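Please keep the sequence and the model in view while reading.

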Amino acid sequence: MDIIEIIKQYAQRYSQLFPREHFYTAIGLAVALVVLLLIPDNDKGAAVPNQSIAIPVELSSATEEEATTAFNLSDFVVEEEEPVTEFVDEIVWQNIKVQSGDSISTIFQKVGLSDQDMFQLLNSSDEAKILDRIYPGYQLDFKIPEQGELEQLRILKSPLEGILFTRGDNGYQAEAILKEAQLRQSFKVGTIADSLFMAGQQEQIPAVHIMEMANIFGGVIDFILDPRQGDQFSILYEEKYLDGEFIGTGEILATQYVNQGTTYTAVRYIDEEGEVGYYSPEGESMRKAFLRNPLDVFRISSNFNPRRRHPILNTIRAHKGTDYAAPTGTPVRATSDGRVTWAARNGSFGNLIVLKHSGGFETKYAHLSRYAVKKGERVRQGQVIGYVGATGGATGPHLHYEFLMGGTHQNPRTIHDKLPKAKSIDSAEMDSFRSRTAGLLEQFSNLNNSLYLTINQPSAD
Ligand SMILES: [Zn+2]
């Protein structure tokens, strides 16, 4: 599970619990808390940056377990403090949701078990070592038919995954619990009045899906400069349920964005090599050689002021670059795979990063407050390479972005039409692509059509 997935799931969970203004702060705080709780002492100083905006990036070494923790930490808001006791067939189960600050020893005490009981279980198998790695959000269900006698312990890392320990003649036997979520589809539409994120919020589309949609179309739409009032978008996505209960969001199956009259449609497809991607209905990959903009749109929105029309002011000046006004500390992304050829101060550019890409392309990122990469490093598209600042000749915090082809400056806003065609589905695979996406695309098209019919229907009076 990668960091984006963590943030996504986390953001999604939080978006249901908090008003927007609180929710980004809460993400930052909670992730920082997880970092504090889990990292070894010698890393503490390094892993807690000054600005919450940068925290998710610093977490790139997070493990799957930490991910689970981050995912579940939000639960503390709604959980009761005392263990909930259920009676099932006259057998007492005690269900405990691990809280921040709990230790396995205190939890055992709570349910009336001793340290000896704990060690007996802990030493019974390798699987039982999970007791040493209990994180907030884990669910622990104790079956104790007679006081002080643990018969079963069920540890759930998530609603879908865990381990069941059952007492036998020789200690405890461990059994993996793996459940499969039921998937349901959800279709949402939005119209841009203020910003993409406001539109998403208005339609109660999970922030995670808005962000994901912006990523999917990141090679064809600059979500900072391109959106216009009246743009429409739609998303068909999956939701995960377990025993009828919503447990999380799933994948986007298809999405459409109508930008200034131009319709972009993307459908999810797993190719013959097992790679997941999004493609136009004609089989052209949505992943392009370059991203349309170098800023993380999602992070920018965290500083979005709803009283202001647009989070980002921009001017395309005669000085051979695009300026993106953004708060200091906003992550800056490499727009394409490449190598860092410069990461140092450079006159009026201030702190400057230059990337060299294949095909004779170069990109420059100026006025940074700090760097996330070093000279000589290889970077991947979308990777955070630095943070917005106001160093050098900048009058205020912004990113100055340049795009060069064969050493000549290009307008980053128009160069994309001249770039090599994106990779498409291999002709040998087109039949398979068509047959496997046809049903989904038809369904998506019908949903979109019904939407437009509704919207464009002449009113009765
Ligand atoms: Zn500039």
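Strand S10 (residues 262-270) runs antiparallel to S11, and four bridges join the two. Within this pair, Val267 has Tyr279 of S11 as its bridge partner. The model is a predicted one, and in it these strands belong to an open sheet of five strands with antiparallel pairing, in the order S7-S8-S9-S10-S11. The edges are formed by strand S7 (182-191) and strand S11 (276-279), each of which pairs on one side only. On average, neighbouring strands of this sheet are turned by 25° against each other, direction ignored.

Helix H9 (residues 207-216) packs on the sheet and touches strand S8 (232-242), strand S9 (245-259), S10 and S11. The direction of H9 makes about 40° with that of S9. Ten of the ten residues of H9 are buried, so the helix is largely enclosed by the rest of the structure. The buried residues of H9 include His209, Glu212 and Asn215 as well as Ile210, Met211 and Met213.

Elsewhere in the sheet, S7 and S8 run antiparallel and are joined by ten bridges; here Gln182 stands opposite Tyr241 in S8. Ten bridges also join S8 to S9, again in the antiparallel sense, and Lys240 has Gly248 of S9 as its bridge partner. S8 and S9 form a hairpin with two residues between them, and Asp243 in the turn has a positive phi of about 50°.

**Positive phi in two loops**

Most residues other than glycine have a negative phi. Gln204, which is not a glycine, has a positive phi of about 55°. Gln204 lies in the loop between helix H8 (196-202) and H9. Is Gln204 buried or exposed? Gln204 has 10 other C-beta atoms within 10 Å and is therefore exposed, the cut-off for that class being 12 or fewer.

A second case is Gln260, with a positive phi near 50° in a residue other than glycine. Gln260 lies in the loop between S9 and S10. Because Gln260 has 10 C-beta neighbours inside 10 Å, the residue counts as exposed.

**Strand S17 and its partners**

Strand S17 (residues 361-368) is mostly covered, with eight of its eight residues buried. Strand S16 (residues 351-357) pairs with S17 in the antiparallel sense over six bridges, and Lys356 has Glu362 of S17 as its bridge partner. S16 and S17 form a hairpin with three residues between the strands, in which Gly359 takes a positive phi near 85°. S17 is also joined by six bridges to strand S21 (residues 398-405), and these two strands run antiparallel. In that pairing, Thr363 stands opposite Phe403 in S21.

**The nonpolar cores**

Which residues touch the most other members of the largest nonpolar core? They are Phe217, Val332 and Ile353, in a core of 56 residues. H9 gives the most to this core, with seven residues. The core draws at least three residues from each of domain 3 (180-288 + 424-461) and domain 4 (297-418).

Ile353 illustrates the contacts of a core residue in detail. Leaving aside residues up to four places away in sequence, Ile353 touches Val340, Trp342, Ala343, Tyr365, Leu368, Tyr371, Val373, Ile385 and Gly386. A second, separate core of 19 residues includes Trp93, Val98, Tyr135 and Ile155.

**The chain as a whole, and confidence**

The protein chain contains eleven helices and 22 strands. Of its 461 residues, 37% count as buried. Among contacts in the chain with a separation of 6 or more, 61% are between residues 24 or more positions apart.

The chain averages a pLDDT of 77, and 72% of the residues score at least 70. Among the elements of the chain, helix H4 (residues 55-58) has the lowest mean pLDDT (26), whereas strand S19 (residues 378-379) has the highest (98). Over residues 10-82 the pLDDT stays under 50, although the model has 103 contacts beyond four places in sequence for this stretch. Residues 301-318 also have a pLDDT below 50, with 29 contacts in the model beyond near neighbours in sequence. Where pLDDT is low, the predicted coordinates should not be read in detail.

Note on methods:
Residues are numbered from 1 along each chain as its sequence is written. This is a predicted model: local features need pLDDT of at least 70, side-chain atom pairs count only at pLDDT 80 or more; totals for chains, interfaces and linings use all residues. A residue is buried if 20 or more other C-beta atoms lie within 10 Å of its own, exposed if 12 or fewer, and partly exposed in between; C-beta atoms are placed from the backbone. Two residues are in contact if their C-beta atoms, placed from the backbone, lie within 7 Å. Two strands pair if DSSP finds at least two bridges between them. Axes are lines fitted to C-alpha atoms, for helices over the stretch in contact, and angles run from 0 to 180 degrees between N-to-C directions. A nonpolar core is a set of buried Ala, Val, Leu, Ile, Met, Phe, Trp, Tyr and Cys residues joined through C-beta atoms within 7 Å. Domain bounds come from an automatic or database domain assignment. pLDDT is the predictor's confidence in each residue, from 0 to 100.
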